[in-house]
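Here's a quick walk through the packing of this chain, rings and helices included. Have a look at the model, then read on.

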Amino acid sequence: MASPDLFKWRHFLPEIILLNVRWYCRYALSYRDLEEMMTDRGVRVDHSTLNRWVLKYAPELDKRIRPHLKPTNDSWRVDETYIKIQGEWKYLYRAVDSEGNTLDFLLSAKRDGKAAVCFFRKVLKAKHTQIPRVITVDKNAAYPVAMDELKADQTLKAETELRQSKYLNNIIEQDHRNIKRITKPMMGFQSFNTARRTLRGLEAMNMIRKGQVNRINQGDSVSQAKFVEEIFGIVS
């Protein structure tokens, strides 16, 4: 989608919109924090408008970075963490490789074999991932069930190893912390769809932060900001 259509009727410059979406998805900020920060910079924007921006452009950010992601390796670390939606805990399935690079993620209402299968299929469809040699998980009984189903329909190779080890999964448990840190000021989501759309932006910015984008180095915040503007068609 061309940027003129994407930002039509927004009444703010695309650069301002993307700045707020980036900051919200990258740092532990509430919408009211952002509202105050923008006011300090001479830009008056209501927190409800900021919310609409994130719900609109966070999924678009996730979609647009995908073609630019570096390939990951074949050693997976898979785990799920908890996300509160309407006062109830739901499950965010996440996977990284042995170097800590994000493979993919999936928000699920349930924590069972069916959810695990859906998640594995989503990871395998991602363009930057490859068929795993080994998948390291915790002691959740749903994972062996999911592996058996995926091997039965030849989605996974028969020789793919499932390794259940909490110790070896420390790398993804550490990676959860960044997402949990950012979601904490949000104090829970009001709907499953709101959570799903927002988390796509959080995970996208997490991948950018970790240096998973081609030609963008980890810690280079200036180049990361320019990259986001470029993929949305904004030319400085």
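This is a predicted model: local features need pLDDT of at least 70, side-chain atom pairs count only at pLDDT 80 or more; totals for chains, interfaces and linings use all residues.

Phenylalanine 12 is partly exposed at 26% relative accessibility, while tryptophan 53 is buried, with a relative accessible area of 1%.

Two cases, side by side:

| Charged residue | Ring below the charged end | Distance to ring centre |
|---|---|---|
| Arginine 64 | Phenylalanine 232 | 5.0 Å |
| Lysine 122 | Phenylalanine 105 | 4.7 Å |

The largest nonpolar core has 46 residues, and Phe232 is listed with Tyr57, Leu61, Ile65, Leu199, Ile208 and Phe227 as having the most contacts inside it. Which elements supply at least two residues each to this core? They are the helices α2 (14–26), α3 (31–40), α4 (47–65), α7 (170–183), α8 (192–209) and α9 (221–231), plus the strands β1 (75–85) and β3 (102–108).

Leaving aside residues up to four places away in sequence, leucine 61 touches Gly201, Ala204, Met205, Ile208, Val228, Ile231 and Phe232. There's also a second, separate core of 20 residues, and Val137, Tyr143, Ala146 and Leu150 are among its members.

Tyr31, Leu34 and Met38 are buried. Looking down the axis of α3, the buried residues fall within an arc of 60 degrees, so they line one face of the helix. What do they pack against? The buried residues of α3 contact α2 and α4. On the other side of α3 sit Arg32, Glu36 and Asp40, which are exposed. After the helix comes glycine 42, with a positive phi near 80 degrees.

Positive phi values also show up in residues other than glycine. Glutamine 154 has phi near 65 degrees and lies in the loop between α6 (142–152) and β5 (161–164). Arginine 215 has phi near 70 degrees, and its place is the loop between α8 and α9. Are these two buried or exposed? Glutamine 154 is exposed, with a relative accessible area of 69%, and arginine 215 counts as exposed too, at 75% relative accessibility.

Last, the cysteines. How many disulfides are there? The count is zero. Cysteine 25 is buried, with a relative accessible area of 1%, whereas cysteine 118 is partly exposed at 41%.

Definitions and conventions: Residues are numbered from 1 along each chain as its sequence is written. Side-chain values use heavy atoms; hydrogens and water are left out. A disulfide is a pair of cysteine sulfur atoms within 2.5 Å. Buried means under 20% relative accessible area, exposed over 50%, partly exposed in between (1.4 Å probe, protein chains only). A nonpolar core is a set of buried Ala, Val, Leu, Ile, Met, Phe, Trp, Tyr and Cys residues joined through side-chain atoms within 4.5 Å. Helices (H or I, at least four residues) and strands (E, at least two) are DSSP runs, numbered from the N terminus. Contact means heavy atoms within 4.5 Å. A charge sits over a ring if NZ of Lys or CZ of Arg is within 6 Å of the ring centre and within 35 degrees of the ring normal. The arc is that of the directions from the helix axis to the C-beta atoms.
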